[in-house]
Amino acid sequence: MRRLLVIAAIVVGGFLVIHLSGVSAKDPPPGGHSGSTAVTFNTIQTYRTMTVSPTAVNCGHYASGTTPNNLASTNPNRSTKKAMGFPWGTCAVGDRVNGKDPITISYNGMQGYVYVHAGWAMPNGNEVGTPWRPCSSAGHRAVACTGENGLPGYNQYTVRNFSPQSGTATQINGNNVCDVNFQPTRGCYAKRGDTQREGLYLRGPSKIPGTDTAQSWTAWVIWTAEPPSVADNDK
Amino acid sequence: MHLRGLFGTLAPAVLAGALVAVPQAAQASVGVGIQAGPVRLPGAAHPGQSVALPAVSVVNVGTRPESIRVTVQRDPRGGGRPVPRSWVQPGVPSVQLAPHRATRISLELVVPAGAKPGAYLSDIVAIASEQLSAGGAHLGAGAATLLEFRVAPDPAPGFWSSVFTQSLWALLVVILLAVVVFAVRRSGLRVRVERKAAGYGTADEYGGWHA
């Protein structure tokens, strides 16, 4: 009888151990014969996508800096038709006044926002040059332009973008900011299939290191499809 | 005359080729997509712990093969603690994707020992980045989704602590049963069972049978 009690205790204990530790066998697969049919259906695009076309554009309409350092036509540092001069030379991708906006930005997928930022301008190939950093003429003290009157300083440059609907070009910098030119009437809100054409204005630095020899540069501009905020997601 | 005839024969083909090639060049695009749903860690992470985040899906929606990388960026709209970039390590630095191809990239969250507890929020951004082209402006595309997780205030449980937690109750039950059995045996408690004889013998006081 004692043995019986001990065995019973072990069995009960084992059962409790298995039960409390969550160890259990899965249900066996259903047996027998069954019939099935496949149903095919489509859903909307669940990715959030951003497409930019073309992939690269050339800067044109080169011009020299403006006041207070107007460059006289005899100034050897002025911009030429094919190259940016110093200080504060400019070039343009497209022409806002004449409605030329060569870059097409397309948003697709679930609703969200279009943000934009500029990257460093880098010398091409094996050319020697210190990267130029995008700066902001107003606000964003961390990336503020250090030149006179909010113009780019040493190794800095500015980028402004525009679209047919925008009244003025908007400055962008290294921080991801709402691209108000994408939907001027709705901020940068975007929904499936929204498209905008945009152009860019670039302005070079006040000065570059004397050791830099690069004459060909590439600036980065990146558009990003952003999700709604957490608050929007929870609605 | 012969050359003129040859030109006349080839001209339509050349023209047709040009018409096809020019729109293709003009329509070249860079594009990237990312899953719409946020990357969310179930439960909480602990300081000093490394945990696998759910993998993130990315897609190349451009017209050319792309090298796509994922990184962490501060949520431009704020909210929650920003996630330092070094905390999230993709399984691969970048993936090569043909146009209209998608893949999943694994992510590991490495929470340093001194991490502050709380809710963390940032963006996981997929960026299509190809080689620099010559001159002008190079245009890129990115797509972001939210990254959300919580860091608990207590340190990560160690191995022994985990083992202890899992088997604590089981061990207590076994000990309790053993104590009960031991107590029964020591006290001399007997269970009396009475049954009527079936004709072949009689039951003794212990419930046993004898002829």
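Here is a chat about how the terms used for this predicted two-chain model rest on its computed values.

Author: Ground rules: the model is predicted, local features need pLDDT of at least 70, side-chain atom pairs count only at pLDDT 80 or more, and totals for chains, interfaces and linings use all residues. Residues are numbered from 1 along each chain as its sequence is written, chains are lettered from A and ligands numbered from 1 in the order in which they are written, and side-chain values use heavy atoms, with hydrogens and water left out.

Reader: What makes A:C59 and A:C91 a disulfide?

Author: A disulfide is a pair of cysteine sulfur atoms within 2.5 Å. The sulfurs of A:C59 and A:C91 sit 1.9 Å from each other, so the pair meets that cut-off. The torsion about this S-S bond is 85°, and the link is right-handed. A:C59 is in the loop between β2 and β3 (60-63) of chain A, while A:C91 is in strand β4 (residues 90-93) of chain A; the two are 32 residues apart and link distant parts of the chain. Strands here are DSSP runs of E with at least two residues, helices are runs of H or I with at least four, and both are numbered from the N terminus.

Reader: How many disulfides are there over all chains, and what is the pairing in chain A?

Author: The structure holds 3. If you number the bonded cysteines of chain A in sequence order, the pairing reads 1-2, 3-4, 5-6.

Reader: Why is the disulfide of A:C135 and A:C145 called right-handed?

Author: Its torsion about the S-S bond is about 85°, and that is why it gets the right-handed label. The S to S distance of A:C135 and A:C145 is 2.0 Å. Both cysteines lie in the loop between β8 (133-134) and β9 (156-162) of chain A, so the pair ties together parts that are 10 residues apart in sequence.

Reader: And what is the hand of the link between A:C178 and A:C188?

Author: That link is left-handed, with -125° about the S-S bond. Its sulfurs are 2.1 Å apart. A:C178 belongs to strand β11 (residues 177-178) of chain A and A:C188 to the loop between β11 and β12 (189-190), so this pair ties together parts that are 10 residues apart in sequence.

Reader: Is A:C178 buried, exposed or partly exposed, and where does A:C188 fall, buried or exposed?

Author: Buried means under 20% relative accessible area, exposed means over 50%, and partly exposed is in between (1.4 Å probe, protein chains only). A:C178 has 27%, so it counts as partly exposed. A:C188 has 3%, so it counts as buried.

Reader: How do you know whether A:H61 is buried or exposed?

Author: Its relative accessibility is 60%, which is over 50%, so A:H61 counts as exposed. A:H61 lies in strand β3 of chain A, and it has a positive phi of about 50° although it is not a glycine.

Reader: What about A:N155, buried or exposed?

Author: At 8% relative accessibility, A:N155 is under the 20% mark, so it counts as buried. A:N155 also has a positive phi, about 55°, without being a glycine. You'll find A:N155 in the loop between β8 and β9 of chain A.
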